[in-house]
Amino acid sequence: MPQPPRIALVTGATMAKPDPETHLLVAALAQRGIAADVLPWSSEQDWATYPLVVVRTPWDYFRHLDAFLAWAERTSTLTHLVNPAAVIAWNSHKGYLRELAAGGVATVPTLWIERAATDAGARLAAQGWEEVVVKPAVSIGAIGALRARADDPACNAHLESLVAAGDVMVQPFVRSIAEAGEASLIYFGGVFSHAICKRPAAGDYRVQDMYGGTVHPHAPGAAERALAEAVLQHAPAATTYARVDLVSHEGRPVLMELEAIEPELFLGATPDAAANFAAELARQLEAARALG
């Protein structure tokens, strides 16, 4: 009896929290006769033995960015990697938001400060923002983020410490996040699958579950769908999976982030979410095998 096709789902060796959903994808793939191995990107593997390697939950990549990007580029020469290495490299630094804003995509206003800048505090003060969120340009899960008054000495100290280590982004605090949350629209193969709304715990602004955030059903409106699809059009290559995070700012939806490397995809949010992802991966696998 022939063995079922086997693909790799890439994770991290060191995880900030347990992975809540890859088992749902593994089960959905099995329903299609596809076996999946869940493997850390940094482990010693012969990636060429897998016709499809899917970057899923490498939640330690940002701590080893150069090595991770080198792994993605190298692996893409051995097999079919999704998302593509070009998308991964582009999405790994939040400077892609600057590019999208320049291209006409509605984003949260952002002050960009390069590593080792000597005028970071003065540039922030010149914005005139009352309350801000300061965060590294390479990070995940709000790690390294601080919400504070812009004139608070602690804010300036945090900014200076981040600038010493890398590029930094500063945004005005978007109050709708605390009031209404953040919408996440999930796409597989560029096709809308499902959406959820993440809301922070009372008194917090971070929507991630590790900070007490909760997940709720969400039916995106036409403006949200249009914005999300415009965002995907700006990626350097087609995405097999993507999560577009939107918030309301000044009466309209704006992009908070595009997650195209390791997003939680809320595969348990709807009955068909995991099946939708498995169906797209099956198509990708078929295409990869046809190419040999």
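**Figure 1. Charges over aromatic rings.** Arg-147 sits over the face of Phe-173, 3.8 Å from the ring centre. Arg-225 does likewise over Phe-192, at 4.3 Å from the ring centre. A charge counts as over a ring if NZ of Lys or CZ of Arg is within 6 Å of the ring centre and within 35 degrees of the ring normal. The model is predicted: local features need pLDDT of at least 70, side-chain atom pairs count only at pLDDT 80 or more, and totals for chains, interfaces and linings use all residues. Residues are numbered from 1 along each chain as its sequence is written, and side-chain values use heavy atoms, with hydrogens and water left out.

Figure 2. Rings of Phe, Tyr and Trp (its six-membered ring) pair if their centres lie within 6.5 Å; planes under 30 degrees apart are stacked, over 60 edge-to-face, and the rest tilted. The count is 12 aromatic pairs. In one of them, Trp-47 and Tyr-50, the ring centres are 6.5 Å apart and the planes meet at 45°, so this pair is tilted. Trp-47 and Tyr-50 are both buried. Here buried means under 20% relative accessible area, exposed over 50%, and partly exposed in between (1.4 Å probe, protein chains only). Ring pairs join Trp-41, Trp-47, Tyr-50, Tyr-61, Phe-62, Phe-68 and Trp-71 into a cluster.

Figure 3. Helices (H or I, at least four residues) and strands (E, at least two) are DSSP runs, numbered from the N terminus. Helix 8 covers residues 222-233, 12 residues in all. Its first and last C-alpha atoms are 17 Å apart, close to the 16 Å expected. The expected span is 1.5 Å times one less than the number of residues. Glu-224, Leu-227, Ala-228, Val-231 and Leu-232 are the buried residues of helix 8. Down the axis of helix 8 they fall within an arc of 140°, so they line one face. The arc is that of the directions from the helix axis to the C-beta atoms. The buried residues of helix 8 pack against helix 4 (96-102), strand 9 (182-188), strand 12 (241-249) and strand 13 (252-259). Contact means heavy atoms within 4.5 Å. Ala-222 and Gln-233 are exposed on the other side of helix 8. Gln-233 has 67% relative accessibility, so it counts as exposed.

**Figure 4. Helix 1 against its surroundings.** Helix 1 (residues 22-31) has Thr-22, Leu-25, Ala-28 and Leu-29 as its buried residues. Seen down the axis of helix 1, these lie within an arc of 120°, so they line one face. Their cover includes strand 1 (6-11), strand 2 (35-40), strand 3 (52-57) and helix 9. On the other side of helix 1, His-23 and Gln-31 are exposed.

**Figure 5. Two nonpolar cores.** A nonpolar core is a set of buried Ala, Val, Leu, Ile, Met, Phe, Trp, Tyr and Cys residues joined through side-chain atoms within 4.5 Å. The largest has 43 residues, and those with the most contacts inside it are Ile-7, Leu-29, Val-54, Trp-71, Phe-277 and Leu-281. Helix 9 (residues 273-291) gives this core its largest share, 6 residues. Leu-29 touches Ile-7, Leu-9, Ile-34, Ala-36, Ala-278 and Leu-281, not counting residues up to four places away in sequence. A second, separate core has 21 residues, including Met-169, Ala-228, Leu-232 and Leu-258.

**Figure 6. A buried serine in a loop.** Ser-92 lies in the loop between helix 3 (85-91) and helix 4. Its relative accessible area is 4%, so Ser-92 is buried. Leaving aside neighbours within four places in sequence, Ser-92 contacts Tyr-61, Leu-65, Leu-69, Ala-137, Val-138 and Ile-261.

Figure 7. Most residues other than glycine have a negative phi, and most peptide bonds are trans. Val-82 and Asn-83 are joined by a cis peptide bond, with omega about -10°. Asn-83 belongs to the loop between strand 4 (80-82) and helix 3. Glu-250 has a positive phi, near 55°. This residue sits in the loop between strand 12 and strand 13. At 72% relative accessibility, Glu-250 is exposed. Phe-266 also has a positive phi, near 50°. Its loop runs between strand 13 and helix 9. At 10% relative accessibility, Phe-266 is buried.
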